[in-house]
Amino acid sequence: MKIPKPSKFTCQSCSGKARKQYQGLYDDRYGAKGKHDIYVCQHCGFGKTLPGITNKEIGKFYQKHYPLSQVDIKQLTNKPTIPNKLEAWLKGLNHTTHWQAKKGQKVLDIGSGSGRSLVEINSIGGKAYGVEPDPTGKSIAKKAKLNVFTGFIQDNPFPDQMFDLVTASQVLEHDPDPNSFISACVNKLDKNGQIILSFSNLNAFTRHLFQKRWIHWHVPYHLNFFTKKSIKLLAKKNNLRIKNLTTVTPNLWTVLQLQSILIGLPKEGAKNPLWPQAITKSKKPSSNHSKLLNFLRSATKIAETVIAIPNRILDQLLLGDSWLVTLEQNEK
């Protein structure tokens, strides 16, 4: 992955000038080598990870570092229990966009991963289709009898199908070109269809508080970071109107953020035992480190409960960790 670092960057949201705000960040979860910088537009606040990773690299990169091969097919296809609206709101789980699917809708879920989202859409009564760049997702889908296209939304998956709802939970920040991503979503919408997205909020309270230690930089996987202004510009470019815009902070995310601060950063290239996908392939932590990890994990449920009220307040102030946005096409 040898991409030269630019001395300046033109914003993908408004074409304004951006400047480097953070430098030398690296993958502190799964151990991918390489350092990256965060550029922020001086006009609309859009943030970009550079050099990041390209579309050509994403499939193999995710296959290596997001190990979908660990998925248990039997557990995957078990009938899901979807929380009610109150529970989802209290726990900050309503950033999960596909849960807004309705019975009878044809739904395209982008970044379908293991396919669990498709199982849940089908259980709601929708007809689910998925898009996933990691080729492992295709083999899982075949075993689970799910409709999954290997690639990107820009590749025009399921060319003969149009959809009532296009969903993408924590996906837009992963795409090298957010403009073409949104445009491609629009092209898959049936008349009166909606796009529901959740993605990282650059103006989150935790980002301002923890700066370079904010866990949602998550480089090089996260490439884009949005403010309210940059979201509006993105919607306008694609002739979309914003039906709903709010922020959501899963309580577990806040707990993981605090745990990450306590555990400390691994060295570049090392896996972090705090993150589940890294545990099975990481070296066994030291005895003292294991004790701290076990204590933190045992206290997670209590911590999630304590953090619920502050998180709901931050969400109302649009200072939560994730945007949740519903987009509709403007009438022509």
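How many bridges join E11 to strand E12, and do these run parallel or antiparallel? Select E12 (residues 322–329) together with E11: eight bridges join them, and the two run antiparallel. Strands here are DSSP runs (E, at least two residues) and helices are runs of H or I with at least four, numbered from the N terminus; two strands pair if DSSP finds at least two bridges between them. Within this pair, Thr247 stands opposite Trp323 in E12.

This is a predicted model, in which local features need pLDDT of at least 70 and side-chain atom pairs count only at pLDDT 80 or more, while totals for chains, interfaces and linings use all residues. Residues are numbered from 1 along each chain as its sequence is written, and side-chain values use heavy atoms, with hydrogens and water left out.

Next, show the whole open sheet, whose seven strands have the order E7-E6-E5-E8-E9-E12-E11 with mixed pairing. E7 (148–150) and E11 (240–248) stand at the edges with a single partner strand each, so one side of each lacks a neighbour in the sheet.

Now select Tyr62 and Tyr221. Their ring centres are 5.9 Å apart and their planes at 50°, so the pair is tilted (rings of Phe, Tyr and Trp, the latter by its six-membered ring, pair if their centres lie within 6.5 Å; planes under 30 degrees apart count as stacked, over 60 as edge-to-face and the rest as tilted). Tyr62 lies in helix H1 (residues 55–65) and Tyr221 in the loop between helix H7 (205–210) and strand E10 (224–225), so the pair ties together parts 159 residues apart in sequence.
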